Amino acid sequence: MVLIQKGILFGIIISFMLGPAFFILIETSIKKGFKAAVFLDLGILSSDAIYLLSAFFIAEKINFWLTTNTFVQYIAGLVFIILGGFSIRKNYLKKDDFSLSELKEVEGDDSNRIIYPLNLFIKGLGLNAINPGVLMFWIAACTYATNELKLSDIKLFTFFGITLSTLFVVDVLKIYFSSKLKEKINKNTLSIIGILIGCLLIFFGLAIFFKDLST
């Protein structure tokens with residue numbers, strides 16, 4: 001029970017960490033709806049799971065590689081800056097683009113019912129994967145669970161399994177309540193939200209760009 005409680009608490013804490021994925025997830029749920037955001041979140045969580053498994057087995061090598069190849073953080077930071085700039089430009093110039101027509105059109109096409117969710121999944125996977133801070137976090141989390149909580153083998157996998165499950169449940173709740181906002185706000189407000197998200201992405205990009213991964 002103690003292991004379950006700690007895993008749930010850790011999952012809740014992680015779910016409210018304000019990183020790029022958090023804001024993109026909220027924006028997607030508001031603009032494109034519940035289902036679209038869930039597929040995006042599944043991609044994000046899959047990236048977390050991959051990084052977590054990597055941290056289990058080759059954390060030391062990955063940590064050394066990240067701290068000695070600084071170009072990784074520069075590429076990641078630049079990607080977020082570009083995404084942020086694109087979001088600002090798109091929302092500023094095309095304030096009438098955020099209607100329900102896109103989602104309805106996708107749902108009406110049998111081929112797109114598979115392609116569209118897959119695109120969202122890959123987008124979530126990629127956006128989370130390019131952030132070196134995510135991998136560093138899971139390496140630190142594994143170190144904490146091993147050294148401080150004294151977990152190993154099955155208990156370690158159980159702990160992080162509960163953590164990721166909790167993270168998904170909380171994310172679904174965030175997505176659900178955020179998606180309800182779409183019915184209560186107009187298109188201009190949606191464009192403003194998009195511009196703010198773009199500014200936040202640029203901020204995170206600059207933070208990643210100038211962050212010293214060796215500290």
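**Exercise 1. Helix 8 and its partners**

Is the crossing of helix 1 and helix 8 right-handed or left-handed?

*Solution.* 

Start with the ground rules. This is a predicted model, in which local features need pLDDT of at least 70, side-chain atom pairs count only at pLDDT 80 or more, and totals for chains, interfaces and linings use all residues. Residues are numbered from 1 along each chain as its sequence is written, and side-chain values use heavy atoms, with hydrogens and water left out.

Step 1. Two packed helices are described by the angle between their axes and the distance between the axes. Axes are lines fitted to C-alpha atoms, for helices over the stretch in contact, and angles run from 0 to 180 degrees between N-to-C directions.

Step 2. Take helix 1, residues 2-15. The axes of helix 1 and helix 8 come within 7 Å and cross at roughly 45°. Helix 1 is therefore oblique to helix 8. The cut-offs: angles under 35 degrees are roughly parallel, over 145 roughly antiparallel, 65 to 115 roughly perpendicular, and the rest oblique. The crossing of helix 1 and helix 8 is right-handed. That term applies if the near helix is turned clockwise from the far one by less than a right angle; anticlockwise gives left-handed.

Step 3. Take helix 2, residues 20-32. The axes of helix 2 and helix 8 come within 7 Å, crossing at roughly 45°. So helix 2 is oblique to helix 8. The crossing of helix 2 and helix 8 is right-handed.

Step 4. Take helix 7. Helix 7 covers residues 132-147 and helix 8 covers residues 153-179. Their axes come within 11 Å and cross at roughly 130°. Helix 7 and helix 8 are therefore oblique to each other. Their crossing is right-handed.

**Exercise 2. The chain as a whole**

State the secondary structure content and the buried share of the chain.

*Solution.* 

Step 1. Count elements. The chain has nine helices and zero strands. Helices (H or I, at least four residues) and strands (E, at least two) are DSSP runs, numbered from the N terminus. The order from the N terminus is α-α-α-α-α-α-α-α-α.

Step 2. Look at burial. Of the 215 residues, 42% count as buried. Buried means under 20% relative accessible area, exposed over 50%, and partly exposed in between (1.4 Å probe, protein chains only).

**Exercise 3. Salt bridges**

How many salt bridges are there, and which residues form them?

*Solution.* 

Step 1. Apply the rule. A salt bridge is a side-chain nitrogen of Lys or Arg within 4 Å of a carboxyl oxygen of Asp or Glu. The count comes to two salt bridges.

Step 2. E27 pairs with K31, with the closest N and O atoms 2.9 Å apart. E27 and K31 are four residues apart in helix 2, so about one helical turn separates them. Both E27 and K31 are buried.

Step 3. The side chains of K174 and D171 meet at 3.0 Å, N to O. K174 and D171 lie three residues apart in helix 8, so about one helical turn separates them. K174 is buried, and so is D171.
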